[in-house]
Amino acid sequence: MVKRAPKRRRARGVDGSRGVDEALPALSALTELPTFDELSASDRQRGAYVAARSRAVEAGASVDELVMGCVVRLDRGFPAVLCADATFRAEFSARLTKGGLSGRTEARVAVGDWVCARRPRGHDMGLIEEILPRESDIARWRGKARGERQTLAANVDLVLVVQQLGERPVSCDRIARSAVIARDCGSDVAVVLTKADRADDDVLARDVAAVRDILGEGCGLVLTASAASGGEEARVRACAERLGVAWGTESVRSLVPRGRVAIVLGESGAGKSTLLNALLGRDVLETGAVREVDDMGRHTTVARRMVSLPGAGVIVDEPGLRSLPIVGHERGLAKVFPEISEAATMCRFRDCTHTHEPGCEVRARQAEGAFSEGRLTCYVALATEMRESAASLDPDVVL
């Protein structure tokens with residue numbers, strides 16, 4: 001009789017996920033992670049840590065086992081926490097997962113979160129006792145009528161929206177919704193157009209104009225190239241100068257100075273990993289070949305992780321996002337389109353859709369040249385999506 005092989009035990013991640021059969025990467029081998037000195041908690045977070053430490057001690061923890069740390073990596077839901085003298089894997093404490101801190105925090109952690117963690121003596125794994133308040137929360141809606149917000153990264157200062165260039169026009173809708181989410185969540189935004197060497201001067205001019213039309217002339221905008229020859233790089237650099245936009249990886253690096261944290265958002269294959277490798281000055285992150293069918297690169301990033309840029313700040317590398325729905329981001333919409341949102345308050349009807357109603361101040365100002373037709377079209381599309389999404393949610397779902 002053949003003996004059946006024993007079942008391999010599957011671990012549970014701190015977000016409740018199951019099914020991790022492969023060994024997690026050794027933290028000692030991850031040379032791109034930031035040091036503790038490269039990250040900075042706010043005064044509010046440091047104060048919250050003192051209070052969290054007191055609660056943990058009251059619950060039975062030893063004060064010398066407690067540390068303030070930052071989540072710098074998530075591998076299939078399993079976090080790596082960086083503190084002043086170590087980097088360690090962690091899971092949630094029982095009092096956090098069982099609701100002992102109801103009303104204070106949620107039992108779900110994101111890269112960039114500052115936490116109060118416990119490192120019990122004689123244990124390899126640490127315990128996250130509390131997640132400290134977030135200064136910003138880059139989040140998207142996940143699910144339908146009973147969905148929830150998924151935090152992509154916490155405590156981020158800047159969102160870098162990455163789009164690849166080519167024959168197809170750049171996706172201004174994707175750029176606009178990324179900007180709305182970033183501004184609503186408390187972060188600045190800049191646009192990085194990658195693979196500029198694959199577009200001729202007319203295409204570059206077209207796409208730069210399209211981005212400026214949607215986000216305004218003052219938007220942060222950088223062109224970068226990938227694997228360009230000397231002649232192609234010189235051509236794109238000269239075109240960027242004529243268009244008045246920044247050029248190259250050093251311009252991207254300048255957007256993320258030391259002490260600042262950014263996140264790279266974009267679809268799979270937009271060139272995020274190639275861009276980060278160029279910023280790092282070495283091939284640390286895996287890149288994929290371009291598919292001939294749709295001219296897109298293949299999905300390569302699996303983990304969410306912080307990457308330290310030499311001589312600069314920190315970037316959160318995020319897996320490519322196929323969809324980026326916006327639900328409940330009206331505040332961000334008003335920040336990205338302030339002149340349209342202001343005009344909307346003066347329309348005759350409160351529920352004006354700015355398409356056909358009489359007394360629409362928005363359309364009146366657009367006719368006067370206050371903003372472009374393209375900018376208005378983008379605003380109306382996003383506002384309509386948010387209105388319809390909110391109406392489709394179950395009544396007891398709170399945004």
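**Loops, helices and cores**

Tutor: To begin, Arg322 is found in the loop between β14 (314–317) and α8 (330–336), where helices (H or I, at least four residues) and strands (E, at least two) are DSSP runs numbered from the N terminus. This is a predicted model, in which local features need pLDDT of at least 70 and side-chain atom pairs count only at pLDDT 80 or more, while totals for chains, interfaces and linings use all residues. Residues are numbered from 1 along each chain as its sequence is written, and side-chain values use heavy atoms, with hydrogens and water left out.

Student: Is Arg322 buried or exposed?

Tutor: The terms rest on relative accessible area, with buried meaning under 20%, exposed over 50% and partly exposed in between (1.4 Å probe, protein chains only). Arg322 has a relative accessible area of 81%, and therefore the word for Arg322 is exposed.

Student: How far apart in space are Arg322 and Glu267?

Tutor: Along the sequence, Arg322 and Glu267 are 55 residues apart. In space, taken from C-alpha to C-alpha, the distance between Arg322 and Glu267 is 5.8 Å.

Student: Where is Asp207 found, and is Asp207 buried or exposed?

Tutor: Asp207 is found in helix α4 (residues 201–215). Leaving out residues up to four places away in sequence, Asp207 touches Leu165, Arg168, Pro169 and Val170, where contact means heavy atoms within 4.5 Å. The relative accessibility of Asp207 is 1%, so Asp207 counts as buried.

Student: At roughly what angle do the axes of α4 and helix α11 (residues 373–392) cross, and is α4 parallel or oblique to α11?

Tutor: Axes are lines fitted to C-alpha atoms, for helices over the stretch in contact, and angles run from 0 to 180 degrees between N-to-C directions. The axes of α4 and α11 come within 8 Å and cross at roughly 60 degrees. That makes α4 oblique to α11, because angles under 35 degrees count as roughly parallel, over 145 as roughly antiparallel, 65 to 115 as roughly perpendicular and the rest as oblique.

Student: Which residues of α11 meet α4, and how do the residues of this contact divide?

Tutor: From α4 come Asp213, Ile214 and Leu215, which meet Gly374, Arg375 and Cys378 in α11. Here Ala, Val, Leu, Ile, Met, Phe, Trp, Tyr, Cys and Pro count as nonpolar, Asp, Glu, Lys and Arg as charged, and the others, Gly among them, as polar.

Student: How do the residues of the contact of α3 with α4 divide?

Tutor: The axes of helix α3 (residues 172–184) and α4 come within 10 Å and cross at roughly 40 degrees. Cys172, Ile175, Ala176 and Ala179 of α3 make the contact with Ala210, Val211, Ile214 and Leu215 of α4. The residues of this contact divide into 8 nonpolar, no polar and no charged.

Student: How many residues does the largest nonpolar core have?

Tutor: A nonpolar core is a set of buried Ala, Val, Leu, Ile, Met, Phe, Trp, Tyr and Cys residues joined through side-chain atoms within 4.5 Å. Among the residues with the most contacts inside the largest core are Leu215 and Leu223. The number of residues in this core is 95.

Student: What is the phi of Asn155?

Tutor: Asn155 is found in the loop between β7 (148–154) and β8 (158–164), and counts as buried at 13% relative accessibility. Although Asn155 is not a glycine, its phi is positive, at about 60 degrees.
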